[in-house]
Amino acid sequence: MVRFILRRLLQVIPVFIGTTLLVYYMVFALPGDPIAALFGDRQPPQAVIDTLRAQYHLDEPFWVQYGLFLQNLFTFNLGNDFTGQPIAATLARVFPVTAMLAIEALAIQAIFGVAFGVFAGLRRGGWFDSTVLVASLVVIAVPTFVLGFVFQLVFGVQLGWAKPTVGANADWGSLLLPAVVLGLVSFAYVLRLTRASVSENMNADYVRTATAKGLSRPRVVVAHILRNSLIPVVTYLGANLGGLMGGAIVTEGIFNVPGVGNKLYQAVLRTEGPTIVSIVSVLVLVFVVANLLVDLLYAWLDPRIRYDQ
Amino acid sequence: MRFTRTSKALGMVAIAALALTGCGAGGGSTDSASQSAGDPNKVITAYNSEPQNPLLPANTNETNGGRVVELLFEGLRSYDADGKPVNALAESIESADAQNWTIKVKQGQKFTNGEAITAKTFVDSWNFAANSKNLQNNGFFFESIAGYEEVSAVTTEKSADGKTTTTPAPTAETMSGLTATDDSTLTVKLAQPEADWSLRLGYSAFYPLPSAALADPKTYGENPVGNGPYKFEKTGAWVHDQSISLVKNPDYTGPRQAKNGGVTFKFYTDPSPAYTDLQGDNLDITDVLPSNATKTYVSDFPDRNASKPVATNGTLNIPGYNPNFQGEAGKLRRQALSYAINREEITKVVFNGTRTPAKAFAPPVIDGFKADLKGSEVLKFDAAKAKDLWAQAEKLQPYDGSKPLQIASNTDGGHKEWIDAVANGFKNNLDITAEIQPFAKFAEVLDMRKKQTLPGLTRAGWQGDYPSLYNFLGPIWATGASSNYEKYSNPEFDKLLKEGLASKSTEEANAKFNAAQEILFEDLPGLPLWDYAKPIVWSNNVVKAETGWNGAILYYNITAK
């Protein structure tokens, strides 16, 4: 078990170098002078531009720039972005906000997705099952940004139940509306996965045995059907966490959430290599850890799974 | 697997970048009539985005920081709603020869930390801003003052691979033309007479700075201490990427008295959520509308919107290095292009009246503007004339139409629609192929403009720094000027500008500047397109709001319900 975790953690290194190298190169290859872009129509004196270029090593070849970035990273000094703000402080500001958003969205989709899925799966073909199936299909078919704008307008502006945007001082309450939007599509997938898995396991031998032993219905459902049905769901949720952390650009944009997605979007517009790669580095770690957790959960869900040969 | 995830995420960013639109403008004009006393202690929330630099006035040359800096400081003069300069910290500003200026500074004025503001404060602040070592973006605003050359000096080194690097190398620490004879008297000697010099004194670059700012500009810029109608609510009132909270400065006595208790700037990365917030009264005012709202903002905010012409215009520049537009034939072709643009129709159909057809190289809100300058008839749409001029040019030198005529622009600011319309005008009236040359980012266009590698035309825009005709001519069209990217040069034009600057009266100066504009109409290095109007909308919490001459909201004048 420990060896398994260690091995997985060691895999992080090549993944990490590979991703940062690739992303750094893609940013490097973007056309346009990022310093000139900072200023727009009204350019500052050339000395200002040249000093900034030197400060951010923009005149150096790619390998030097990337090397300097790695060197900074390993000395835990991420440097400053083009507006002079320390990148570490930016990360410390944006990641908690997005983490809150992601956890809230994940909780919504996990709790409601699994619960609805179990009910639908147990009474396959019933009215609840049919309704939920159609409803989830609709949710999957509607793009997130449409859902976002509609929710924002209906609940934020017309009904006034929530603030239309999040803005400064994000907390669990203000993040609820974007979290619902963010979680809704995955909620539909979780529901469908759970439903399929549950209805398949219902006819499994061990369920029949458990029922024959005289176990109560709730015990059969929770301990035998549900637990064995969760493996595909957990796999999906684990992969989804990374997506929620990094891929919430559209939702964060609609609801003006001062999180990772928004920052990443701005950094890309400004061709700010160091900021983009710093964010991506943290995202890589999130992905790896989330996947590791999923793998460890497998053994708990299904004791037949072993990690060490 | 993880690789693809990451690159997918990046791909999504790129798509989002293309899909989102930048600033847009709205249309129509409605004056709200209801005017009550309002609540003088209520705090207004206003749209803004993260400022790019620490908040030092002489370093702030972008709108986001500008909105804040203008409220934190007061200068010798300040501009009223129509752009007329009025004395603020200055008791009087006098000059007999437009070269030697004597400014009497009001006594008893203080920064919010208690530090007194004297003539010496201005000497120190201006020397700091002009010094090339301090890398202030707006340092060049002091270029007229004698001794600027020395404090702003730089050395340029050329490395082996031909790259040039400019490094600051001031040969003096103070400008020789700047002296504080006593606490209340500031004398300024300019390098040459400049009639409109005192017009600039309301611009943010000329604001006074406390000594703490000069000692450690970066730290100071995080928590600036000023002398304006507002001050930071507390140390750390600037939460990066989120908000800046300002409260009324009770000790302020200038012309811009705050009629509300404070302004909290909420930061947005896109104007759309701000617009929704306004609809839900979760934000009080914005001067940036999403481009899809220009048609709807009047009906979305009945009695809660305003639109006013501002000192901003747009042009279509024709690089002189393009062989199709050189010589006598090139001149005829530039005129033909101008005649082929139906400004009247485009401003009506594409912009819903939020822009008005250009009548000159400067917008009408600028003092000295004249609508019927010699040569300005090229701004009128005339298909027959356009065809005729193009045909004449063909006889002199055939047009190379192997590639379509491209109009370069970033596409993230709602520019595509009007460029398509202009290109269609060229196609229909001149029988040439024309199209937009799209760029994802403004920086890419700028890069090509600077390197002079644009294959065709480019759009350009200019927002006035201070209300003067010169500001719309000098920085853009003078030989070697900072924003003259297409490198237009005409000695006669330069001479008239210089003479205009050296005039003793504003009227005399404006006559020279207008004569200079007639040369531009002759040469047509760029085609004036339209002048902007700035629409704003406000929430149910606000009684009434308006914008100033440059399109900036007069936040201090807003009253809350």
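I started at Gln452(B), which counts as partly exposed because it has 13 C-beta neighbours inside 10 Å. For my own bookkeeping, a residue is buried if 20 or more other C-beta atoms lie within 10 Å of its own, exposed if 12 or fewer, and partly exposed in between, with the C-beta atoms placed from the backbone. I found Gln452(B) in the loop between α13 and β19 of chain B. Its phi is positive, about 55 degrees, although Gln452(B) is not a glycine.

Before going further I noted the ground rules. This is a predicted model, in which local features need pLDDT of at least 70 and side-chain atom pairs count only at pLDDT 80 or more, while totals for chains, interfaces and linings use all residues. Residues are numbered from 1 along each chain as its sequence is written, and chains are lettered from A and ligands numbered from 1 in the order in which they are written.

I then looked up Leu135(B), a residue other than glycine whose phi is positive, near 50 degrees. Leu135(B) sits in the loop between α3 (119–130) and α4 (148–151) of chain B. I have Leu135(B) down as partly exposed, with 18 other C-beta atoms within 10 Å.

**The two chains**

I counted 16 helices and 22 strands in chain B, whereas chain A has 13 helices and zero strands. Helices (H or I, at least four residues) and strands (E, at least two) are DSSP runs, numbered from the N terminus.

For chain B I checked the radius of gyration, taken over C-alpha atoms, against the globule rule of 2.2 Å times the number of residues to the power 0.38. With 561 residues a compact globule would come out near 24 Å, and chain B has 24 Å, so the two agree. Its C-alpha atoms fill a box of roughly 70 × 60 × 55 Å along the principal axes. Of the 561 residues in chain B, 52% are buried.

For chain A, the C-alpha trace spans about 85 × 60 × 30 Å along its principal axes. Here 41% of the 309 residues are buried.

I also looked at contacts, which need C-beta atoms, placed from the backbone, within 7 Å. Among contacts with a separation of 6 or more, residues 24 or more positions apart account for 75% in chain A and for 71% in chain B.

**Where the chains meet**

How many residues does each chain bring to the contact? I noted 51 residues from chain B and 60 residues from chain A. On the side of chain B that touches chain A, the elements giving two or more residues include α1 (2–19), α13 (442–451) and β19 (457–463) of chain B.

**Cores in chain B**

Next came the nonpolar cores, sets of buried Ala, Val, Leu, Ile, Met, Phe, Trp, Tyr and Cys residues joined through C-beta atoms within 7 Å. The largest has 82 residues, and Ala336(B), Ile407(B) and Leu473(B) have the most contacts inside it. Helix α12 (residues 416–430) of chain B gives the most to this core, six residues. A second, separate core of 78 residues includes Phe142(B), Leu278(B), Phe301(B) and Ala306(B).

Leaving aside neighbours within four places in sequence, I listed the contacts of Leu473(B), among them Phe361(B), Leu497(B) and Phe513(B). Phe361(B) turned up again when I looked at what Pro528(B) touches beyond four places in sequence, along with residues including Asn313(B) and Leu379(B). Pro528(B) is in strand β20 (residues 526–538) of chain B, and counts as buried with 27 C-beta neighbours inside 10 Å. Pro528(B) and Gly314(B) are 214 residues apart in sequence and 6.4 Å apart in space, C-alpha to C-alpha.

Is helix α2 (residues 63–72) of chain B enclosed or open? Seven of its ten residues are buried, so α2(B) is largely enclosed by the rest of the structure. Those buried residues pack against β1 (43–48), β10 (230–232), β12 (243–248) and β13 (262–267) of chain B.

I found five bridges joining β6(B) to β7(B), which run antiparallel; strands pair if DSSP finds at least two bridges between them. Thr156(B) stands opposite Thr166(B) in β7(B). The two strands form a hairpin with five residues between them, and Gly162(B) in the turn has a positive phi of about 85 degrees.

Conventions: Two residues are in contact if their C-beta atoms, placed from the backbone, lie within 7 Å.
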